[in-house]
Amino acid sequence: MKVNTTVTEGARAGEDVKAAETAETAGAQTAAEQAERPEVLVRVRGLRKHFPVKSGGIGRRKAGTVKAVDGLDFDIREGETLGLVGESGCGKSTTGRMVMRLLDPSAGTIEFAGRDVTKLSRGQLRPLRRDFQMIFQDPQSSLNPRHTVGTIVGAPYRLQKVNPEGGIKKAVQELLELVGLSPEHYNRYPHEFSGGQRQRIGIARALALRPKLVVADEPVSALDVSIQAQVVNLLDDLQSEFGLTYLIIAHDLSVVRHTSDRVAVMYLGKIVEIADREDLYTSPRHPYTVALMSAVPVPDPGRRESRERILLKGDVPSPMDPPAACRFHTRCWKAQDVCKTVEPPLAELVGRHQVACHFPENTPTAGEPEAVELVKRVSGEPPVPVTGVVREDVDGGGAGGGAEEGPKLTKDGPGRAATQDASADVSAARDDSATQDASATEDDSATRASAADTGKTPPGDTPESPAP
């Protein structure tokens, strides 16, 4: 017994030593990774912006509050590009304007290069303006039509009282040449240029003082596709040449994937997912991100027909009265009771991949080790496993349902024209398992009557087995 005890204690000691060495190695790797990472240039914590809504008439009392941005936490490191994506009205542009301090936050803090700029006055912000500039969405409205290009691009020098070597005119002409315009355009007016050229003028103005941070709000959304590529490549070249840090706000997920190092996804005033570019696009975790990625156009017809297309049902809730807890639970196919009562925190799952979801996608759970669901094909083939992006509601309903709640999403692949029939087949298969009680029989009769009115054959009926 003594020998066995000694051997056991020795084995345990050896395991403890190995565990300690493993922990030390992991800690050393983490410390090395942190040392290699650039310093944080912008740190945002608890950022909120609420706009009061006043009623009409005399007095104009406060009728409500639009929660445009409601609690954001993110960092932007030196030299990197953070892409901010989401639906229209989710608060992307408001976030960019608050980072630029063009809007005053309702709550939260904004740190730039380690300095809190949240409460700085206009006079205190002026010396810092040379370090962060903005490229606006509409190049037409962001340029003064009464000023020449020379006056517009040279304005930062005069406002900051900077005298470049060789004079302001020479510096402006160098900037115009840098962004792909001719120095001869110095005395022209904005209306004499195309949309892409006006956007280049805006970029030249933003780069005049060599800023550290550039916030680009939809920089290519108003341009043609060919011009978009030129502007995107220009931004990449300027970042490589001057070491710029970008916050790019966009709708086009393809542009964001091309330009960004990390991507943050917003929904109804909150960030639901942040991850490195390739990690987010290859393995999205939040259901809303999965739905967004399925909407990206695919130029390859073969891939387009084989992928799943997710169609979210319902409208985006009003920011004046957002849903409690998880704001996506009203449109999510994975929503459960906890999603309606407990708000999911923005937690880190793997590496730097942060997700605010109780039941993230592409992550095995205890009940579903492989997150796989069996779905019957329309063609009558045996059930096949499909990854967890195809869902259908238990109550059935077509894609064009009215007031009744239909499926949260459908599959849009090879059987695109038969999406509604596929949902009906699954619903009918589930209803048939409960035909022993009278209520299920009545539901089945109602379903067949509805199908007869629309001229469709009820699911499960064939010439060999006519409907009762």
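Reply: With pairing: two strands pair if DSSP finds at least two bridges between them. Strands (E, at least two residues) and helices (H or I, at least four) are DSSP runs, numbered from the N terminus. Here strand S7 (residues 213-217) and strand S8 (residues 245-249) run parallel, joined by five bridges. Val 215 has Leu 247 in S8 as its bridge partner.

Me: What should I know about the model and its numbering?

Reply: This is a predicted model: local features need pLDDT of at least 70, side-chain atom pairs count only at pLDDT 80 or more, and totals for chains, interfaces and linings use all residues. Residues are numbered from 1 along each chain as its sequence is written, and side-chain values use heavy atoms, with hydrogens and water left out.

Me: Which sheet order has mixed pairing?

Reply: Strands of a sheet pair through backbone hydrogen bonds, either parallel or antiparallel. In this chain, an open sheet of eight strands with mixed pairing runs S6-S7-S8-S3-S9-S10-S12-S11. Strand S6 (132-135) and strand S11 (347-350) are the edges; each has a single partner strand, so one side of each lacks a neighbour in the sheet. Direction ignored, neighbouring strands of this sheet are turned by 20 degrees against each other on average.

Me: How do I read a helix against the sheet, and where does H2 lie?

Reply: Angles run from 0 to 180 degrees between N-to-C directions. H2 lies across S3, S6, S7, S8 and S9, at about 150 degrees to S8. After H2 comes Arg 101, with a positive phi near 60 degrees.

Me: Is H2 enclosed or open?

Reply: Check burial: buried means under 20% relative accessible area, exposed over 50%, partly exposed in between (1.4 Å probe, protein chains only). Six of the eight residues of H2 (residues 92-99) are buried, so H2 is largely enclosed by the rest of the structure. The buried ones are Lys 92, Thr 94, Thr 95, Gly 96, Met 98 and Val 99.

Me: How many residues of H10 are buried, and what covers them?

Reply: Eight of the eight, residues 287-294, so H10 is largely enclosed by the rest of the structure. They include Tyr 288, Leu 292 and Met 293. Their cover includes strands S3 (81-86), S9 (262-267) and S10 (270-276), with helices H8 (253-259) and H9 (277-282).

Me: How many helices and strands does the chain have, and what share of residues is buried?

Reply: There are 14 helices and 14 strands. Of the 468 residues, 40% count as buried.

Definitions and conventions. Contact means heavy atoms within 4.5 Å.
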